[in-house]
Every structure is written in structure tokens, then in C-alpha cells.
Amino acid sequence: MTGQIYFGLDVYASAGSALSESMKPAKLFPMFLKLSARPCLVVGAGTIAESKIGSLLEAGGRVRVVAPEGTPQVRSWAYSNAIEWQQRPFQPDDLEGMFLVVAATSSTELHERIFDQATQRGVLCNIVDVPPLCDFYYPSVVQRGALQIAVSTAGQSPALAQRLRKQLEDQFGPEYEEWLAQLGEARAKLFSTNMNPEERKRLLHEDAGEEAFEAFLRNRRHSNRSE
């Protein structure tokens with residue numbers, strides 16, 4: 001009897017371990033992607049899809065939308081030729097030649113079909129709010145000009161990602177946009193000279209240091225008072 005109990009515990013422990021492994025989020029490769037002129041498909045044109053379309057347009061993507069109905073903003077984009085809008089249901093051929101697809105509809109069955117078809121064609125897929133049907137996730141992002149700080153929880157807790165983003169927004173204020181622009185100009189000047197690479201590297205890190213940032217803030221406050 002004791003042996004049977006131990007055997008049962010071993011099986012339970014193994015099953016629990018396997019379940020725990022299967023529930024671990026996939027290891028993600030963090031990167032910032034250039035979407036300029038890349039063909040992107042969005043299936044759905046409601047409020048949620050609208051936000052995804054907007055972010056793809058902002059990144060320079062060439063966006064095609066497939067949906068029978070759309071929000072006023074989607075209609076406006078289509079009217080101004082900012083997007084191509086096919087007012088009809090999704091068809092598998094819509095994925096041909098696409099770099100990525102984002103789907104936000106009310107149909108679970110359609111979402112599963114889109115993911116399967118995208119996988120077969122090697123098209124990156126994001127089914128909004130369905131982590132198992134995503135090749136990539138939308139992170140919570142702090143944007144300060146060219147500075148972007150992205151937070152991802154691999155779909156496990158978007159609420160935590162949003163909270164951390166708010167904390168980072170307080171830590172990295174709007175002044176970082178102006179400072180980074182100055183750093184970019186200084187970097188371009190340094191690379192335009194025949195300076196020793198090690199010396200250039202030292203100056204670049206010095207320019208981006210805490211003391212340099214404090215000096216920038218002092219000069220900024222002085223300029224604002226002068227105005």
C-alpha cells in the first residue's frame with residue numbers, strides 16, 4: 001500500500017512539473033523593429049483594432065484592413081488613403097505577401113483560423129489579448145522623442161506592464177526628449193572627426209552621464225527663466 005502511495009505521489013509530482021513547464025511563458029527576443037513600408041494586415045476595424053492600426057501607421061507600416069464595418073477613424077484613414085480597407089470578411093489569401101497580421105474581432109474561431117493560416121505562411125501574428133495565439137506582443141511603452149522604454153510581461157500581466165510604464169513615465173520626464181536630441185547632435189559631431197575611437201567612446205559616455213544630465217537641466221531652467 002505504501003509503495004502505491006509513493007508511486008501515486010511520484011506520478012502527481014511529474015504531472016505537476018510538466019504542467020508547470022507548459023505554463024511557463026516562451027522566452028522572448030526583445031527588439032525594436034523598423035516597419036517602414038512593410039505590408040501589415042489588420043483583421044477587424046473596431047475600437048481595439050483602431051489603436052493597433054494607429055500604431056502601425058505611426059511606425060510607417062503599409063496597412064491593409066479587412067473588416068465589413070469600421071469605426072469613424074478607420075473610415076477617415078481609408079478616405080484619406082492612409083490605409084487600404086477591404087470591407088468584407090477575412091480570406092486566407094489576405095495573408096499573402098504580408099509581414100505581420102494583427103487580429104481583433106469577436107470571433108474565437110476566426111482568430112484560431114487566422115493564426116493557423118499565418119503560421120503556415122510564415123507571417124508574424126498577434127491575436128489581441130490571446131497570448132497563445134501570438135508570435136509577438138505589444139509592450140507598454142514610454143515614449144520621449146527617440147527614446148522608447150518598453151515593458152513586457154510576455155502576456156502574463158498587461159496590468160503590471162501598464163503600472164510599471166506609469167512609474168517609468170514619472171522617472172523619465174518630457175525633458176529626456178530634448179536632451180536625447182542634443183546627445184544625437186553631439187554624437188554626430190564626434191563621429192565626423194578623426195578622433196581616437198577610445199577617446200570618442202569616453203566622451204560619448206561622459207555626455208550621457210548623470211552629471212551631464214544635471215548640467216542640461218540647469219541650463220534648461222536658466223533658459224526658461226530668461227524667456
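This is a predicted model: local features need pLDDT of at least 70, side-chain atom pairs count only at pLDDT 80 or more; totals for chains, interfaces and linings use all residues.
Residues are numbered from 1 along each chain as its sequence is written, and side-chain values use heavy atoms, with hydrogens and water left out.

Helices (H or I, at least four residues) and strands (E, at least two) are DSSP runs numbered from the N terminus, and two strands are taken to pair if DSSP finds at least two bridges between them. On this basis, five strands form an open sheet in the order 3-2-1-4-5, with parallel pairing. Strand 3 (84-86) and strand 5 stand at the edges with a single partner strand each, so one side of each is left without a neighbour in the sheet. The twist from one strand to the next averages 15 degrees, where angles run from 0 to 180 degrees between N-to-C directions and axes are lines fitted to C-alpha atoms, for helices over the stretch in contact. Strand 2 (residues 62-66) is joined to strand 3 by three bridges, the two running parallel, and Val65 has Trp85 in strand 3 as its bridge partner. Helix 4 (residues 108-121) packs on the sheet, where it touches strand 1 (39-43), strand 4 (100-103) and strand 5, and its direction makes about 165 degrees with that of strand 5; contact here means heavy atoms within 4.5 Å.

Strand 6 and strand 7 run antiparallel and are joined by five bridges, with Val151 in strand 7 as the bridge partner of Ser140. Two residues lie between the strands of this hairpin, in which Gly145 takes a positive phi near 65 degrees.

The axes of helix 6 (residues 175-191) and helix 7 (residues 197-207) come within 10 Å and cross at roughly 170 degrees. The two helices are therefore roughly antiparallel to each other, a class that covers angles over 145 degrees. Residues of helix 6 that meet helix 7 include Trp179, Leu183 and Arg187, and their counterparts in helix 7 include Arg200 and Asp207.

Helix 2 gives the most to the lining, with five residues.

Conventions: Angles under 35 degrees count as roughly parallel, over 145 as roughly antiparallel, 65 to 115 as roughly perpendicular and the rest as oblique.
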